[in-house]
Amino acid sequence: MSTTSNLKDLIELLNDGEKFYSEAATKVKIPAYANLFQRMAQQKQAIASDLSARLASHGETAPQGGTMLGSLRKFYADVRASMSKDSESVYVAQLEQTEDRILEAFRDDLTQSDDMELRRIAERHYPDLKRTHDEMRDLKRRLAA
């Protein structure tokens, strides 16, 4: 796969995350979770902007939307949350799975890509993405306990 194709895929995943976090922030009742979700959405948007700039340097336009799976996951979470007494736990669990998808994509590009530019991009953002992934994973575990 080419650098531009991989960058577009990463941007779409980040767009999924940004949109899902932003919408979840408006639907949860606990202000601390709303603030956390907004911070996570901002991180995804910032990384997508950086990747979009890289894409533009290749003469390509960044995708504005996300993936079908991301849309389905958000819809599924909304339905489950509407039927649950603990909508926060539902959103946290689904958002943590979104984090899994993003982290896995960056890890794959970091460890498996033959494209050195793509590896450098993934390497630069991976530590922050790993930190936010772990934060959501830990929150999910605390809520499940």
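Here is a short walk through a pair of packed helices, some aromatic rings and one arginine in this structure. Please keep in mind that the model is predicted.

Let's begin with two helices. Two packed helices are described by the angle between their axes and the distance between those axes. In this model, helix H1 covers residues 3-27 and helix H5 covers residues 116-144. Their axes come within 12 Å and cross at roughly 20 degrees. Angles under 35 degrees count as roughly parallel, and H1 and H5 are therefore roughly parallel to each other. The crossing of H1 and H5 is left-handed.

Which residues of H1 and H5 make the contact? On the H1 side you will find Thr3, Asn6, Leu7, Leu10, Leu14 and Tyr21. H5 contributes Glu117, Leu118, Ile121, Leu129 and Met136.

Now for the aromatic rings. A pair of such rings is described by the distance of the centres and the angle of the planes. The count here comes to three aromatic pairs. Take Phe20 and Tyr91: their ring centres are 6.4 Å apart, with 70 degrees between the planes, and the pair is edge-to-face. Phe20 lies in helix H1 and Tyr91 in helix H4 (residues 87-112), so this pair ties together parts that are 71 residues apart in sequence.

Tyr33 and Phe37 give us another pair to look at. Their centres are 6.4 Å apart, with 15 degrees between the planes, and this pair is stacked. Both residues belong to helix H2 (residues 31-57); being four residues apart there, they are separated by about one helical turn. Tyr33 and Phe37 are both buried. Together with Tyr21, they form one aromatic cluster. You have met Tyr21 already, as one of the H1 residues in the contact with H5.

Finally, have a look at Arg107, which is found in helix H4, the helix that also holds Tyr91. Arg107 has a relative accessible area of 35%, so it is partly exposed. How far apart are Arg107 and Asn6 in sequence and in space? They are 101 residues apart in sequence and 12 Å apart in space, C-alpha to C-alpha.

Conventions
Residues numbered from 1 in each chain as written. Predicted model: local features only at pLDDT ≥ 70, side-chain atom pairs only at ≥ 80, totals over all residues. Heavy atoms only, no water. Axes fitted to C-alpha atoms, helices over the stretch in contact; angles between N-to-C directions. Helix = DSSP H or I, 4+ residues; strand = E, 2+ residues; numbered from the N terminus. Parallel < 35°, antiparallel > 145°, perpendicular 65-115°, else oblique. Left-handed = near helix turned anticlockwise from the far one by under 90°. Contact = heavy atoms within 4.5 Å. Phe/Tyr/Trp six-rings, centres within 6.5 Å; stacked < 30°, edge-to-face > 60°. Buried < 20%, exposed > 50% of the residue type's maximum accessible area, 1.4 Å probe, protein only.
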